[in-house]
Amino acid sequence: MKRFISLCLAAALCLALAGCASSEKQELKATLDEANGYTTVVYTMGDGTTLEQTVLYDKNGIVVTALGLEGTADDCYLTVRLENNTSSEARLYVNSAQVNGWEANASLWMEVSKNSMGRKEMDLYNYGEQDSVQLIKLECELMDGDYDTIDTFSATLETSAYTGALPDEELPGDVLYEGDGVTLTFGGFQQERYSSYTKMQFYVENTGSKSVTLDGYEFRLSNSSELDASLYETVSAGAKRAFYIYIEQDDIYDAVTEEYYDAYEYDSYDDWEEETFDWTAFMPFTMNLTVYEGYSTVLDEATVTIEDTTVEIVDEDEAADWVDESYIDGDTDIAIAEEEPVEEEAANVMDDTDTAAAEGETDAAIAEEETATTVTEDVRTA
């Protein structure tokens, strides 16, 4: 009986190893394809929108390629590949991005060794409410191993949803300020049920030819109390931006008593844990606003008023979307071997992508690599 059980376990182990070997072959083939400039991933957004693989930059031995787009109309993921054919390290930095003319929260920083390539996923989000992603604009900088600028470049990507022109839409909300090509609107309050935090939503449009910065400060309530809040946002030329600031009742400061607000002392708010804070009791708000061209040249100064409005109550799952977290994943750094045997190339590639086999591979493992390489070349030939 023990012998029979041992045989069964051995058989199960063999089947498992066979499955792993097949998976490793597929992974090796995909890695080899990527190392030779072929993408093996089909990028498609949830609504079916696609983006053709596009070369964004090809100079000085460096090639930057947009591989594809995934995600939703509210939160999309652009995968970018950096190929470095130089003798030193190369770095790519995306310092600003727009989606459909709206500034997006985005960040991409890639470091690729000499004669290597890397791939990274960049999250673009907080660019207003969109029905689809049509147009993406990027402002990028390339640096060498000493962080010296090699070049800067702009790129515009058109998705399959692009119709040739973006819709001419007005900013949502109530207009707080207009002047010098800048429009600022207030989209209202949003508060999580039973939470002390409230989100104030704003939108701004800059129709000018240069970037502008909005500096909002000295928030005051209708009872002359101060609100410990501020806004500071920069908007590129010809772009829009959606942004918000968080406030809570404990941010209310009484300059006479020199004390911050205590929710328990608010007469009509004794049962505050079972209700939401009534910000309308303190409206209208006023705010001092300075508009700068760039960051330092003052274009205008004004006092804006946020009139009476209502507080939209959102549930916990909706409020979870307020958290600004940039998800960046899929990072690789793949060696580009020149005039090297395929077996060595495959081993180097897998080392750089954290999928390398342990040193001292067996002859069987090398044979698997050769088989996968043959399949890859056959696919390309076909």
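Predicted model: local features only at pLDDT ≥ 70, side-chain atom pairs only at ≥ 80, totals over all residues.
Leaving aside residues up to four places away in sequence, Val64 touches Thr54, Val55, Leu56, Tyr57, Val80, Arg81, Leu82, Leu92, Leu142 and Phe153.

## Gln98 and its neighbours

Gln98 sits in strand 4, which spans residues 90-99. With a relative accessible area of 12%, Gln98 is under the 20% cut-off and therefore buried. Beyond residues up to four places away in sequence, Gln98 touches Glu103, Ala104, Leu135, Ile136, Lys137, Ser236 and Ala239.

## Salt bridges

Seven salt bridges are found in the structure. As a reminder, side chains of opposite charge can pair when their charged atoms come close. In one of the bridges Arg91 pairs with Glu111, their closest N and O atoms being 3.4 Å apart. Arg91 lies in strand 4 and Glu111 in strand 6, so this pair ties together parts that are 20 residues apart in sequence. Arg91 is buried, at 5% relative accessible area, whereas Glu111 is partly exposed at 37%.

Another bridge joins Arg241 to Glu103, with the closest N and O atoms 3.8 Å apart. Because Arg241 is in strand 16 (residues 240-248) and Glu103 in strand 5 (residues 102-103), the pair ties together parts 138 residues apart in sequence. Arg241 is buried at 13% relative accessibility, and Glu103 is buried at 3%. Glu103 is also among the residues that Gln98 touches.

Lys240 forms a salt bridge with Glu205, the closest N and O atoms being 3.9 Å apart. This pair links distant parts of the chain, with Lys240 in strand 16 and Glu205 in strand 12 (residues 197-206), 35 residues apart. Lys240 is buried, with a relative accessible area of 11%.

## Loops and backbone angles

In the loop between strand 1 and strand 2, Asn60 has a phi near 55°, a positive value in a residue other than glycine. Ser224, in the loop between strand 13 (212-220) and strand 14 (226-227), has a positive phi of about 75° although it is not a glycine. Ser224 counts as exposed, at 54% relative accessibility.

Ala229 lies in the loop between strand 14 and strand 15 (231-235), and counts as buried at 16% relative accessibility. Ala229 touches Phe219, Ile245 and Ile247, not counting residues up to four places away in sequence. Ala229 and Ile245 are 16 residues apart in sequence, with their C-alpha atoms 7.7 Å apart in space. Further along, the peptide bond from Met283 to Pro284 is cis, with omega near 5°. Pro284 is placed in the loop between strand 18 (259-260) and strand 19 (285-293).

## Cysteines

A search of the whole structure finds zero disulfides. Cys76 is buried at 0% relative accessibility, and Cys140 is buried at 5%.

Note on methods:
Residues numbered from 1 in each chain as written. Heavy atoms only, no water. Helix = DSSP H or I, 4+ residues; strand = E, 2+ residues; numbered from the N terminus. Buried < 20%, exposed > 50% of the residue type's maximum accessible area, 1.4 Å probe, protein only. Contact = heavy atoms within 4.5 Å. Disulfide = S-S within 2.5 Å. Salt bridge = Lys/Arg side-chain N within 4 Å of Asp/Glu carboxyl O.
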